[in-house]
Every structure is written in structure tokens, then in C-alpha cells.
Amino acid sequence: PLLTQEIMRLLASFPQLTSHDVENIVRQEIIENWESQDEPPHLKTIKDRILRSKHNTGALLGLYQKILQLGRIPAEDSPEQIELRLSGLVVEQSGIFKSL
């Protein structure tokens with residue numbers, strides 16, 4: 001939720017945007033050099049949550065990669081899915097997990 005708010009705040013400062021513009025702005029302003037630009041620390045919080053999880057980090061990242069590749073997966077409320085949902089990386093809607 002915080003990351004979504006930050007992206008919306010950032011995009012609101014640009015009048016008319018195309019999807020290509022949005023991609024470039026997010027890439028330049030949030031993704032590239034994210035550690036030095038993450039104020040307040042949204043992405044660091046997500047990174048720390050994933051790395052410090054009591055669940056297998058590889059399993060969490062593998063599940064997230066699967067969601068990114070497929071676009072959606074059925075919600076099963078597994079511990080890994082719950083952890084990803086709590087991290088804010090995915091959302092559950094009508095029994096489906098999707099990335100934000």
C-alpha cells in the first residue's frame with residue numbers, strides 16, 4: 001500500500017502520461033538506485049521482510065516470480081502466499097493472487 005501511494009504521488013506530478021511514460025518514470029524514480037532513493041524506506045522494508053521471513057526466502061521469491069510470470073495464481077492461503085500478501089507485493093481478489 002505504501003509503495004502504491006508513492007507511485008501515485010509521483011505520477012500525479014506528470015500531467016498526461018502514456019503507459020510507456022509510467023514505466024520509464026517508475027524505473028527511473030523507484031527501481032534504479034532504489035536503495036539511495038528509498039525515503040521513507042518502502043522497498044527496504046519489503047526486502048527486509050522477505051529476507052527475514054521465517055519462511056524459506058527462495059520459496060517466497062519463487063512464488064513471487066511465478067505470480068509475475070503468470071499474472072495470477074489461485075489463492076491457497078499457504079504460509080508463503082500470506083507472507084507475500086503481508087509484504088504488499090501481491091493482492092488477493094476473489095480467490096486469485098495478483099502482483100501489484
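This is a predicted model: local features need pLDDT of at least 70, side-chain atom pairs count only at pLDDT 80 or more; totals for chains, interfaces and linings use all residues.
A residue counts as buried when its relative accessible area is under 20% and as exposed when that area is over 50%, with partly exposed in between. Confidence is lowest in helix 3 (residues 34–37), at a mean of 72, and highest in strand 1, at 95.

**Nonpolar core**

- The largest nonpolar core is made of 18 residues, and those with the most contacts inside it are I30, I50, I67, L84, L89 and V90.
- Two or more residues of this core come from each of helix 1 (2–12), helix 2 (19–31), helix 4 (42–51) and helix 5 (57–70), and helix 5 gives the most, with 4 residues.
- Leaving aside residues up to four places away in sequence, I50 touches T57, L60, L61, L84, S87 and L89.
- As a general background, nonpolar side chains in soluble globular proteins tend to be buried together.

**The sheet and the helices packed on it**

- An open sheet is formed by 3 strands in the order 1-3-2, with antiparallel pairing, and its edge strands, which each pair on one side only, are strand 1 (73–74) and strand 2 (90–93).
- Strand 1 is joined by 2 bridges to strand 3 (residues 96–99), and these two strands run antiparallel, with I73 standing opposite F97 in strand 3.
- Helix 5 packs on the sheet and touches strand 1, strand 2 and strand 3, while its direction makes about 85° with that of strand 3.
- Helix 6 (residues 79–87) also packs on the sheet, where it touches strand 1, strand 2 and strand 3, and its direction makes about 110° with that of strand 2.

**Salt bridges**

- The count of salt bridges comes to 6, and K44, D48 and R52 are linked in a network of them.
- D48 has a relative accessibility of 15%, so it counts as buried, whereas K44, at 40%, counts as partly exposed and R52, at 66%, is exposed.
- Another salt bridge joins R49 to E83, with the closest N and O atoms 3.2 Å apart, and this pair links distant parts of the chain, since R49 is in helix 4 and E83 is in helix 6, 34 residues apart.
- In this pair R49 counts as partly exposed, at 35% relative accessibility, while E83 is buried, with a relative accessible area of 11%.

Conventions
Residues are numbered from 1 along each chain as its sequence is written. Side-chain values use heavy atoms; hydrogens and water are left out. A nonpolar core is a set of buried Ala, Val, Leu, Ile, Met, Phe, Trp, Tyr and Cys residues joined through side-chain atoms within 4.5 Å. Buried means under 20% relative accessible area, exposed over 50%, partly exposed in between (1.4 Å probe, protein chains only). Contact means heavy atoms within 4.5 Å. Two strands pair if DSSP finds at least two bridges between them. Axes are lines fitted to C-alpha atoms, for helices over the stretch in contact, and angles run from 0 to 180 degrees between N-to-C directions. pLDDT is the predictor's confidence in each residue, from 0 to 100. A salt bridge is a side-chain nitrogen of Lys or Arg within 4 Å of a carboxyl oxygen of Asp or Glu.
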